[in-house]
Structures are given as structure tokens and as C-alpha cells.
Amino acid sequence: MLVLHYTGMRTAEAALERLCDPAAKVSAHYTIDRDGTTYAHVPEERRAWHAGVSWWAGARDVNARSIGIELVNPGHEFGYVAFAEDQIGALIALCCEIVARHPIAPRRIVGHSDVAPPRKTDPGELFPWRRLAMEGIGVWPQPRDDAEGMIDVAASLARYGYGVPPSVDWPLGDTIKAFQRHFRPSCIDGIADGECARLLGALLDL
Ligand SMILES: [Zn+2]
């Protein structure tokens, strides 16, 4: 898996210091600053501590099966801003290298919020998932206008990889919010409407 994050700290310096502090018990394989400068902290074959309590496609130990990339951004707590062009360019280049080295299926390229819905909102609704998909990184759904909106949302989210009750101990609404933050960022309310259903259906067709 490939898990994308934002640092959620006031400055890049503070984030880098924390990621390099053994006492903080957090780490990531890479951090990308807003100007595109990329820091490698942990070799890809080694486990880093970026995902925490998490779930994807039946597996809880996401750290054991993923590469984690942090993007410098103050995040929702300290003033969430759009990701910088140079930063996204560097991210796309790095992701292309990583998927060339490791067999990572597009559905397994996710945000931290996708694997830890009740705790996390990063990389957040401003993250350009569609643009990455156009570069071959991850997926983006193209729903047909005539697609039937009536699907079992919980079962469909689970089929895609999301944790839903009773497999996980958080409410379905948290998972729906995570799905919306990734695939339908214009409205993140935790309520699966017809558009969410069409997007989910399109994702499962890919
Ligand atoms: Zn994170």
C-alpha cells in the first residue's frame, strides 16, 4: 500500500524534527516540502510508524504493508492550505518511482483518512486525487449519468477496501465521510446520497 498524509504542523522544520525524534514514535518513509524538496527518512523495505490504528481491505496492520509519504501542510488544525504545485509534482514523480519498484494496486493508494476514518482527516479534501489518477497514481471514478444509484453503500465501501462495522469499531458515517473527503470533497457530511452511490458503483467497475 501507499499511504499519503499531511504533516499537520505549523512549519516544515517542526514536522521534520518530530519525524526524526525517536521519542515521538512517529515516522514516515518520505516527507515532501512545499518547494518539492523530498526527504527520505526510512528505507522502503523497513516499517515506518505513520498509519497507527487502521484498516484496509481486511488488514489492520497498515504500517507493516505500506510506504508512507508526508506532505508539508499545516493541516486542518493550524490552517489547511492547498498543496503547492512543486510539491505535487515531486509527489507524482516519487509515486511513479515507488509503483515501479513495488506491485501496488491502484486501490491500495490511499489517504490516511481512508484507513483511519474516526481519527484522521489527512491529506484532506484539497488533495488532488483526480490529478494523481490522471498520472497513473491511484484511481478516480467516472460515473455514468444513467448509472443506477441504488446500491448497498456499506457493502460497496467494504468491497472497495474501507472498514465498515462490524469489522471495525467506528460508525459507518465516519467511513462515508472518509470516502467523501477522497472522492466527493464538495460535501463531507457522512450521508451517502445518490452521487456517492454512483461514484462508488463506478469505482467498483474499474
Ligand atoms: Zn497522517
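1. The model is a predicted one, and in it the elements of the protein follow one another from the N terminus as β-α-β-β-β-α-α-β-α-α-α-α-α, which comes to eight helices and five strands.

2. On overall dimensions, the radius of gyration is 16 Å, close to the 17 Å that the globule rule gives for 206 residues, so the protein is as compact as a globular protein of that length. Taken along the principal axes, the box filled by the C-alpha atoms is roughly 50 × 35 × 35 Å. Of the 206 residues, 40% count as buried, and among contacts between residues at least 6 apart in sequence, 63% join residues at least 24 apart.

3. Strand β1 (residues 2-6) deserves attention, as five of its five residues are buried. In a regular strand the side chains alternate between the two faces of the sheet. In β1, L2, L4 and Y6 point one way while V3 and H5 point the other way, and all are buried.

4. Which strands does β1 pair with in the parallel sense, and over how many bridges? Strand β4 (residues 67-71) runs parallel to β1 and is joined to it by five bridges, with I69 of β4 as the bridge partner of L4. Strand β5 (residues 109-111) also pairs with β1 in the parallel sense, over three bridges, and here V110 of β5 is the bridge partner of V3.

5. The largest nonpolar core holds 48 residues, of which V3, I69, L71, L91 and V115 touch the most other members. Helix α3 (residues 85-101) gives the most to this core, with five residues. Domain 1 (1-139) and domain 2 (141-206) both give residues to the core, so it lies between them. If residues up to four places away in sequence are set aside, I69 touches L4, H5, A28, H29, Y30, I32, L91 and L94.

6. The domain assignment divides the protein into domain 1 (1-139) and domain 2 (141-206), and the C-alpha centres of the two domains lie 22 Å apart. The contact between them takes 14 residues from domain 1 and 16 residues from domain 2. By class, the side of domain 1 that touches domain 2 has seven nonpolar, four polar and three charged residues.

7. Not counting residues up to four places away in sequence, V99 touches I104 and I137, whereas V99 and G36, 63 residues apart in sequence, are 19 Å apart in space from C-alpha to C-alpha.

8. D205 lies in helix α8 (residues 194-205). The cut-off for an exposed residue is 12 or fewer such neighbours, and because D205 has 11 C-beta neighbours inside 10 Å, D205 counts as exposed. D205 and P143 are 62 residues apart in sequence, with a C-alpha to C-alpha separation of 9.6 Å in space.

Technical notes: Residues are numbered from 1 along each chain as its sequence is written. This is a predicted model: local features need pLDDT of at least 70, side-chain atom pairs count only at pLDDT 80 or more; totals for chains, interfaces and linings use all residues. A nonpolar core is a set of buried Ala, Val, Leu, Ile, Met, Phe, Trp, Tyr and Cys residues joined through C-beta atoms within 7 Å. A residue is buried if 20 or more other C-beta atoms lie within 10 Å of its own, exposed if 12 or fewer, and partly exposed in between; C-beta atoms are placed from the backbone. Helices (H or I, at least four residues) and strands (E, at least two) are DSSP runs, numbered from the N terminus. Domain bounds come from an automatic or database domain assignment. Two residues are in contact if their C-beta atoms, placed from the backbone, lie within 7 Å. The radius of gyration is taken over C-alpha atoms; the globule rule is 2.2 Å times the number of residues to the power 0.38. Two strands pair if DSSP finds at least two bridges between them. Ala, Val, Leu, Ile, Met, Phe, Trp, Tyr, Cys and Pro count as nonpolar, Asp, Glu, Lys and Arg as charged, and the others, Gly among them, as polar.
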